[in-house]
Structure formats: structure tokens, C-alpha cells
Amino acid sequence: MELSSVLLTTGSSVGFFRLVNAGVGKLPLPQSACKNAWKWRNISTSFVHSFITAIWAVLCFFLHPRMAEDLIETHSVFSHALVSFSIGYFIYDLFDMVMNQKLTQSWELIFHHIVVITCFGLSVLSCRYVGFAVVALLVEINSVFLHLRQILRMANTATGTLYRVNSMINLGTYVVFRINTLAWMTRWLVLNRDNVPLVAYTLGSVGMAIMTVMNIVLFYRLLRTDFLKSSNRETKKEKEM
């Protein structure tokens, strides 16, 4: 893809997610989410991005399997467009948070988005490491369930069967598509160190280190909130009986 195509795809993505956000705002809002309507719209928009990207990333490898053999040079226009599309989303979401949330509440995500935009931007502009970026986007498979979890909690349905099932799927996909994928990407980066320029290697290593810490912290929070606390409540009920 030429630079003009990259800018067009990225810009169109920003516009698309602004429309999604506006569309969600016109839909009925759960009573329990009225206190923070912005967060409801933001998470719902993120859910749409995750759903689209998860399917798109899988299709990239299904339609162009050779990319899995060479994550540096080999890629398709379809894959390049996916990375450009995701840059647009992260730019949109970054400004949405900056405009509507206090820095103390969102600094982790803002920092995450800046790192992702920088790494993905380097990939689409140089037309290298596109396959590596698509591997990174496989984490969005888990994000579908992660965002659905937040939506269910805001809708005050965190005690139903749907929430419990989603929590189990969320934790399972978290291990497979976040922790394992990140570990595989780190291993790949180390093994291919001689084939990666120092700047790209340094940027990738720093990005991986940051993502690893963030993912470990988030995994602990999910485990504590959805499983450890619920187990403690059940134990207390059994003692009372």
C-alpha cells in the first residue's frame, strides 16, 4: 500500500469509529450505565473494533499462510490494511480518552496506545513486520470477551450465567491469545535479533516489556475479581448454612 492509501485507510478508520460511538449513543442505555454514559459508549466501540479485528487477523493468516513463515517481509494488502485500520482505531480511542477522562484514570491505556501506534506506524510505513503486527492483533480475540465482560458489569448483570460463562472464556482466551502470544512474539524477536535493525529491535523489546507487565497485572485483577472473590463469597455462604 502507498502512503496515500495508508492515510486514507487510517483516516477512514478514525471516522468509522466516531460514527460507531455516535450510533451507540443513540441506542437505549441501561439504567445502571447512565452514571457513566461516556464509558459505555467507549467500551461498546472498543468491542466493535475487537470483533472486526479478531476475525480479520485470523483471515489474514488463513488467506495468506505464507506470511506465517516470514513475519518481516511477507504480507498481503489485506494484512497491511488491517494494521492501518487498527492504527485508526487506536488514534480515535486515544483522543477519546484524552478528551473525556482524567489522565490519572487512563494513563496506562494512553501509554499503551502510544506504544502500539508507534510500532504499527513503523510497520505500515516501512512495509516490514506487518506479519508480526498481525500476530499482535490476535490478542483482539480475547478483547472481544474482555470488553463484553465490562459491558455486562456496567449493565449490572455480573451475577448471571452469561457473565460466568464469559468470565471463563475470557480467562481461557487471555492465557492463549494474550500471554502465550506475547511470549511467542518475545521469543521470535530474540531468535531473529540478527535480522531486525537495532531501532526496531529496541522499540519492539521495550513494547513487549511494557505489554508483559500490563498483561500480568490485568490477569491478576481478572482472576481476583471474577474467581477469587466469588469463591470467597460462596465459602461464606456455606459456613452460614
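Select helix 1 (residues 3-25) together with helix 2 (residues 37-63): in this predicted model, the two pack with their axes 9 Å apart, at an angle of about 130 degrees. Two packed helices are described by the angle between their axes and the distance between the axes. An angle over 145 degrees would count as roughly antiparallel and one of 65 to 115 as roughly perpendicular; helix 1 and helix 2 are therefore oblique to each other. Their crossing is right-handed.

Next, display the side chains where these helices meet. On helix 1, select Phe16, Phe17, Val20, Asn21, Val24 and Gly25. Their counterparts on helix 2 are Trp40, Arg41, Asn42, Ser44, Thr45, Val48, His49 and Ile52. Sorted by class, this contact of helix 1 with helix 2 comprises seven nonpolar residues, six polar residues and one charged residue.

Now proceed to the loop between helix 4 (103-126) and helix 5 (130-136), and select Tyr129 there. Most residues other than glycine have a negative phi. Tyr129, although not a glycine, has a positive phi of about 65 degrees. Is the residue buried or exposed? Tyr129 has a relative accessibility of 11% and therefore counts as buried, the cut-off being under 20%.

Conventions:
Residues numbered from 1 in each chain as written. Predicted model: local features only at pLDDT ≥ 70, side-chain atom pairs only at ≥ 80, totals over all residues. Heavy atoms only, no water. Axes fitted to C-alpha atoms, helices over the stretch in contact; angles between N-to-C directions. Helix = DSSP H or I, 4+ residues; strand = E, 2+ residues; numbered from the N terminus. Parallel < 35°, antiparallel > 145°, perpendicular 65-115°, else oblique. Left-handed = near helix turned anticlockwise from the far one by under 90°. Contact = heavy atoms within 4.5 Å. Nonpolar A, V, L, I, M, F, W, Y, C, P; charged D, E, K, R; others polar. Buried < 20%, exposed > 50% of the residue type's maximum accessible area, 1.4 Å probe, protein only.
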